[in-house]
Amino acid sequence: MRLSYAVFIFLFSITLSPLSVAVSDADNDNDGVADNIDKCPDTAQLKKISPDFRYAAAVNPDRLKPGAQAYPVDKDGCEFDSDGDGVVNSKDYCPDNTTIELSKGIAVNGCPKHSDSDGTPDYRDKCPDTPRGTRTDKDGCPF
């Protein structure tokens, strides 16, 4: 009786082992970091395009590969913010801003703030209150 009980426990533990490994290795956001240690479980996915896309040579080659794939992440499963502006690269239209470019603030899209919409970002706008629709020079001043 004791031997059959030991065999039962042994077989039961072997049966559950693969299940527990599969659960711990799950990666629902496809970022390469297992869900059980992923601090950012909803990493943005690369938008896939067809391999026969006319301008395929001009896009990130990972977008042409089949299957789901997330943006690059750090060891914790969180997306990078290359310029440190608080906007992750997948949502940042300007992911490589310098500290000077970010010195007067950033827009929601991760680009330098542009308060008066004159075509010159705030960090180099010498005339910050230009009326909308006014033509300006490279310094943001009317001419």
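This note covers the overall fold and the disulfides of a predicted model.

1. Overall make-up. The protein has 143 residues, of which 23% are buried. Its secondary structure consists of two helices and zero strands. Helix 1 spans 2-24 and helix 2 spans 99-102, with a loop between them.

2. Contacts and surface. Taking contacts between residues at least 6 apart in sequence, 20% join residues at least 24 apart.

3. Disulfide pattern. The structure contains three disulfides. With the bonded cysteines numbered in sequence order, the pairing reads 1-2, 3-4, 5-6.

4. C40 and C78. The sulfur atoms of this disulfide lie 1.9 Å apart. The link is right-handed, with 80° about the S-S bond. C40 and C78 both sit in the loop between helix 1 and helix 2, and the pair links distant parts of the chain, 38 residues apart. C40 has a relative accessibility of 25%, so it counts as partly exposed. C78, in contrast, is buried because its relative accessible area is 16%, the cut-off for buried being under 20%.

5. C94 and C111. A disulfide joins these cysteines, with 1.9 Å between the sulfur atoms. It is right-handed, at 80° about the S-S bond. C94 belongs to the loop between helix 1 and helix 2, whereas C111 belongs to the segment after helix 2; the two are 17 residues apart. At a relative accessible area of 21%, C94 is partly exposed. C111 has 13% and is therefore buried.

6. C127 and C141. Here the sulfur atoms of the disulfide are 2.0 Å apart. The torsion about the S-S bond is about 90°, so this disulfide is right-handed. Both C127 and C141 are in the segment after helix 2, 14 residues apart. C127 is partly exposed, its relative accessible area being 22%. C141 is buried, with a value of 16%.

Conventions
Residues are numbered from 1 along each chain as its sequence is written. This is a predicted model: local features need pLDDT of at least 70, side-chain atom pairs count only at pLDDT 80 or more; totals for chains, interfaces and linings use all residues. Side-chain values use heavy atoms; hydrogens and water are left out. Helices (H or I, at least four residues) and strands (E, at least two) are DSSP runs, numbered from the N terminus. Buried means under 20% relative accessible area, exposed over 50%, partly exposed in between (1.4 Å probe, protein chains only). Contact means heavy atoms within 4.5 Å. A disulfide is a pair of cysteine sulfur atoms within 2.5 Å.
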